[in-house]
Amino acid sequence: MSGEKTYNVLFLCTGNSARSILAEAYLNSLPGGRFRAYSAGSHPGGKVNPIALDVLRNARIPTEGLRSKSWDEFAAPGAPHMDFVFTVCDNAAGEVCPIWPGQPMSAHWPFADPAAFERSEAEKHAFFLDVFRQIRARIDIFTNLPISKLDNLSLKKRLDEIGRDTAQAS
């Protein structure tokens with residue numbers, strides 16, 4: 001993919017402890033260097049969920065440098081310019097999803113909050129794995145889009161379809 005643009009992608013959620021972290025780590029683990037992922041929260045909890053880290057380690061995805069951070073870092077002068085912003089919170093669960101100002105292409109890709117899932121440790125881990133599988137499926141579809149060949153309207157339509165189509169996460 002030499003000569004192709006590297007796209008900056010920001011995954012936003014409320015707490016930046018699980019879903020957005022999983023998405024950031026997975027996208028950054030993909031070969032090719034076509035994407036550089038970041039994550040942030042509108043109200044970060046200050047720590048990454050330990051089950052999220054466990055899921056990533058078990059998938060052999062690097063976890064070094066992952067941290068719960070505020071989206072203010074990415075709105076500050078000198079922050080990387082974002083090409084794409086995806087909100088990954090599940091507004092059906094009563095969360096308020098952050099809105100990113102500016103001109104990046106954006107879409108809402110809702111996922112249930114595994115950090116809020118209250119069951120046994122084994123059931124929590126299984127739920128995290130299921131959400132991570134869904135995140136990977138959507139990111140895989142996204143990374144296979146011919147981004148440079150699509151006009152903005154077509155690209156926006158495809159990004160929105162990825163977020164709406166929960167059946168593709170299987």
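Helices (H or I, at least four residues) and strands (E, at least two) are DSSP runs, numbered from the N terminus. Among the buried residues of α4 are Phe128, Val131, Phe132, Ile135, Arg138, Ile139 and Phe142.

Helix α4 (residues 121-143) has 23 residues and reaches 32 Å from first to last C-alpha, close to the expected 33 Å; the expected span is 1.5 Å times one less than the number of residues.

## Basis of the model

This is a predicted model in which local features need pLDDT of at least 70 and side-chain atom pairs count only at pLDDT 80 or more, while totals for chains, interfaces and linings use all residues. Residues are numbered from 1 along each chain as its sequence is written, and side-chain values use heavy atoms, with hydrogens and water left out.

## Cysteines

The count of disulfides (pairs of cysteine sulfur atoms within 2.5 Å) is zero. For cysteine 13, the nearest cysteine sulfur is that of cysteine 89, 4.5 Å away. Cysteine 13 is buried, at 3% relative accessible area.

## Positive phi

Asparagine 16, in the loop between β1 and α1, has a phi near 50° and is buried at 1% relative accessibility. Arginine 60, in the loop between α2 and α3 (72-75), has a phi near 60° and is exposed (over 50%) at 76%. Most residues other than glycine have a negative phi.

Definitions and conventions. Buried means under 20% relative accessible area, exposed over 50%, partly exposed in between (1.4 Å probe, protein chains only).
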